[in-house]
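Biologist: Please take a close look at a single part of this model. I would like one connected account of it.

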Amino acid sequence: MPDLLLELFSEEIPARMQRRAAEDLKKLVTDALVERGFLYEGAQAFATPRRLALTIMGLPIKGQDVREERKGPRVGSPDAAIQGFLKGAGLASLDQAKIESDPKKGEFYVAIIEKPGRATTDVLAEILPQIIKNFPWPKSMRWGAASAEAGSLRWVRPLQSILCTFGPETEDPEVVRFEVDGITSGDVTYGHRFLAPGEIRVKRFDDYVPALERAKVVLDADRRKDMILHDAKDLAFAQGLELVEDEGLLEEVAGLVEWPVVLMGSFDEAFLDIPPEVIRTTIRANQKCFVLRDPATGKLANKFLLTSNLIASDGGKTIVGGNERVVRARLSDANFFWKTDQGVKLEDRLEKLKSIVFHEKLGTQFERVERIAALAKELAPIVGADPAMAERAARLAKADLVTEMVGEFPELQGLMGRYYATLQGENPSVAAAIEEHYKPLGPSDRVPTDPVSVAVALADKIDTLVGFWAIDEKPTGSKDPYALRRAALGVIRLVLENNMKLSVSEPSFHASAMHDFAKYLRTRSDELSDMETIAEKMGSEELEAFAEKLAGGTKAIVLDDAREAFGNRGLVADLLSFFADRLKVYLRDQGARHDLIDAVFALEGQDDLLMVVRRVEALGRFLDTEDGANLLAGYRRAANILRIEEKKDGRTYNEAPDLQIVNDQGQIEEKALAVVLHQAREEAAAAVANEDFEGAMRALSRLRQPVDAFFDKVTVNAEDPALRANRLRLLNSIREATRTVADFSRIEG
Amino acid sequence: MTSEPAHMNPARSFQGLILTLQRYWAEQGCVILQPYDMEMGAGTFHPATTLRALGPKPWRAAYVQPSRRPKDGRYGENPNRLQHYYQFQVILKPNPPNLQELYLGSLKAIGIDTSLHDIRFVEDDWESPTLGAWGLGWECWCDGMEVSQFTYFQQVAGFECSPVAGELTYGLERLAMYLQGVESIYDLNFNGQDGDRKVTYGDVFLQAEQEYSRHNFEYADTEMLFRHFRDAEAACRKYLEAGEPKDGSNDSRHLMALPAYDQCIKASHMFNLLDARGVISVTERQSYILRVRELAKACGAAWLKTEGGGVAA
């Protein structure tokens with residue numbers, strides 16, 4: 001079976017786009033072939049900085065022949081109908097049509113249309129230009145003289161040439177001929193830009209790969225990665241060092257070279273006084289180099305590894321020298337930032353946060369810090385932190401945003417704050433909280449455990465969530481530009497993994513108060529100063545004091561003042577359902593049954609995340625017992641009967657059963673049920689109040705036997721209407737009793 | 001190549017580097033222009049790039065442009081940062097298909113041997129919010145150091161480039177530092193001479209860096225700068241309006257795109273100075289950038305109605 005080889009050779013493709021582009025190319029071409037009935041045995045796609053390549057193995061040489069019979073008009077139909085039929089079927093005259101007959105229709109014409117399968121090369125020549133023209137690059141461009149015309153080809157960078165061959169292994173393949181915007185396909189490619197820039201003629205994939213290797217191009221990105229990693233480890237080992245592995249960097253670097261050559265450079269040991277994260281970030285971000293550590297001490301070494309794209313004639317001495325110069329300059333800068341930043345205390349940087357807009361509608365970072373500090377202080381006792389420390393940590397948490405270092409390397413935010421806080425003698429918990437308040441950054445990131453960190457981390461996230469909720473910037477579908485889902489998951493993990501009892505609605509309510517208060521100040525400050533003048537004229541001291549307070553220069557937020565006037569319960573309720581959704585996702589990932597989560601959330605006021613989880617767990621265990629399963633069955637039977645009868649009667653039976661009727665007219669099973677229901681319900685409610693969900697389940701399990709007996713012996717639809725109504729109320733009591741732990745109607749299975 | 005005198009060698013002479021690049025690009029058919037006689041933040045602002053990148057007419061030019069970035073001043077104390085430095089700018093419209101090879105040729109001309117040096121094209125998308133311009137391209141690395149910007153202009157002044165121009169910008173001081181092997185800009189040999197006749201970059205510019213840093217950060221008259229910004233903005237609009245083709249005239253050309261654009265350049269520089277003085281808040285910053293962009297767009301629109309912009313005389 002023949003194989004296809006396609007190579008799109010261009011100017012340097014951004015490293016971050018290569019892997020995806022190769023996958024897209026494979027999918028687009030194979031999909032287009034399959035859609036046209038061309039099946040294949042296998043396909044592989046590759047990318048280097050200068051080429052995308054695709055090989056598809058085992059394609060047929062041509063498509064399948066298709067035979068179609070098309071029914072035409074009756075024999076003797078008007079000429080117009082006959083002509084239409086001939087034209088539609090592509091026949092020259094009626095001689096080419098068959099005549100068939102049918103008892104209903106009589107004699108009529110039939111055209112046999114035979115379509116021979118098209119040559120695969122023809123089909124490829126048709127689909128490939130379209131795929132190239134519409135290729136889904138994240139960003140594409142026009143270029144050259146052709147770009148003077150509208151609709152000229154767009155590619156990620158100028159496309160230089162196209163190689164496309166098709167044929168069986170045993171024969172010389174043929175070039176699939178097509179043209180895209182003046183570029184004609186052929187069987188020629190080029191080697192490494194500097195090491196072997198000449199033309200290479202290619203027959204098929206089997207000789208393409210070795211020919212490229214000879215021309216110093218390693219086609220497969222994973223092989224380039226292996227080469228880099230292997231050489232890097234060897235070089236490190238030879239120096240008694242260990243590579244600090246970095247998958248993201250490795251992937252990027254492999255996309256910057258066609259022939260990787262790893263070289264080692266060094267820098268002045270004095271630079272090792274700079275925090276290791278800074279050294280690593282500097283060298284990684286700016287130079288795309290790896291750093292090394294001493295395996296004995298775990299400390300960074302004054303060495304780095306660069307990946308060049310060249311087998312240099314001097315063995316790489318010049319390249320290493322050049323890179324060392326740049327690394328030296330970069331580390332000098334970093335050292336300068338590190339030293340300069342230490343000259344200003346974190347608290348003295350807060351003023352500068354006034355000039356950093358957090359979000360146009362949510363004010364500056366300064367205002368945000370005010371809110372987070374107030375909230376962290378409020379949360380502190382709940383999470384077991386010292387309020388003053390939580391407030392201090394929150395106040396300093398964003399100060400590093402205006403340091404030189406974070407200005408240069410935003411990814412070091414938090415970490416630098418911690419370093420500077422430690423250097424200025426802050427309490428270790430405060431310093432740690434400055435770094436950790438951003439955490440957890442995702443489902444696998446570590447959750448802070450120090451109570452001060454937890455308080456600030458919660459305050460930061462709740463403030464963010466409430467803020468964006470207040471301006472109606474909620475996540476929709478796949479769009480979540482402010483990472484609010486991550487923030488909510490962060491709150492959930494902070495609470496659950498620290499086993500904390502916390503009603504998320506309270507701090508959310510506080511946060512909403514502060515947001516609205518701040519917004520009020522921003523939008524109404526002119527008005528307020530007017531109010532002050534009026535009050536002055538009126539001689540109203542109280543009014544004046546109030547206006548002054550609201551319009552006051554610091555905008556410092558006093559939670560107690562703001563809360564009652566500005567808190568927004570509606571917003572909090574809405575946010576709470578978002579938390580519920582995120583909690584469901586979280587619990588599902590942990591293996592909990594989604595229906596049990598729904599059953600618990602269906603109860604009112606479930607805003608204590610830890611309690612929700614405990615309740616779900618207890619419910620799950622209960623339903624696994626025989627008592628639980630039977631009670632669920634009993635509940636369903638009760639609910640079904642009620643649903644039917646309530647519908648029939650057009651009324652509900654929500655009232656408490658009349659115990660007098662039970663006593664006077666009821667059967668023994670009915671009496672037993674009434675008694676146990678009463679007890680079980682009280683016990684379950686009391687247990688829930690004590691957060692003893694196992695106890696609540698145990699209480700409910702006592703219902704099982706009397707419920708079973710009731711259904712066994714008692715006819716609900718008694719002839720006496722009063723008795724019947726009372727029995728239905730009794731069923732309703734079963735439903736009500738189960739609601740003390742969950743909404744059983746949501747339980748599946 | 002004819003043998004150059006030693007003092008013209010780009011590896012030891014800053015001016016030798018400039019002259020070599022000029023000669024190289026002259027060979028490629030570029031007009032070698034002199035710096036534009038106005039203060040600007042980058043060589044891209046030169047009308048030979050901004051305006052000439054618009055419209056259908058072919059254009060090839062190369063020039064040195066002194067670039068002023070008031071905020072980057074360091075009082076002459078940082079060996080790598082200047083508030084006034086030189087860019088070597090090349091613009092080729094439409095970009096020839098072998099522009100990358102031409103660029104590599106220019107590196108060879110200034111003594112960068114590609115069998116010794118690791119040259120890389122690393123993704124870098126260029127955008128100038130003030131000019132309403134963007135393009136795709138790379139930063140060009142030599143042994144890990146960014147030595148040039150390589151951009152295929154896609155849009156300038158809010159207009160699609162048709163055809164696309166290729167733009168190369170060489171950071172001359174940085175390149176020269178590498179070629180000369182010095183660690184401080186101020187140690188660069190400017191004229192390639194030795195002994196008494198040697199003039200360094202510091203001899204020429206150190207005092208200026210100190211004085212202008214003082215000016216940019218501490219003393220620049222902000223009231224005057226705000227006024228000049230407003231004046232330039234108003235003048236730009238005025239000239240644009242006055243240059244519009246007259247009703248009823250059969251000449252549909254705009255008559256004053258270039259003088260109007262000068263005022264746009266001026267407004268942009270006034271903004272940069274005000275920004276360095278720290279008197280523009282974050283929120284205002286955006287609106288100032290937007291105001292300059294509006295001018296640039298209007299100038300681009302006017303330019304497209306001139307002969308240079310492709311309108312027949």
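Through how many residues does a hairpin join β2(A) to β3(A)?

Modeller: This is a predicted model, in which local features need pLDDT of at least 70, side-chain atom pairs count only at pLDDT 80 or more, and totals for chains, interfaces and linings use all residues; side-chain values use heavy atoms, with hydrogens and water left out. Residues are numbered from 1 along each chain as its sequence is written, while chains are lettered from A and ligands numbered from 1 in the order in which they are written.

The hairpin between β2(A) and β3(A) passes through two residues. Strands here are DSSP runs of E with at least two residues, and helices are runs of H or I with at least four residues, numbered from the N terminus. Strand β2 of chain A covers residues 42-48 and runs antiparallel to β3(A), with seven bridges joining them; two strands pair if DSSP finds at least two bridges between them. Within this pairing, A:A43 stands opposite A:I56 of β3(A).

Strand β3(A) also pairs with strand β1 of chain A, residues 3-10. Six bridges join β1(A) and β3(A), and these strands too run antiparallel. Here A:E7 is the residue opposite A:A53 in β3(A).

As for burial, strand β3 of chain A spans residues 51-57 and is mostly covered, with six of its seven residues buried. Buried means under 20% relative accessible area, exposed over 50%, and partly exposed in between, using a 1.4 Å probe and protein chains only. In a regular strand, side chains alternate between the two faces of the sheet.
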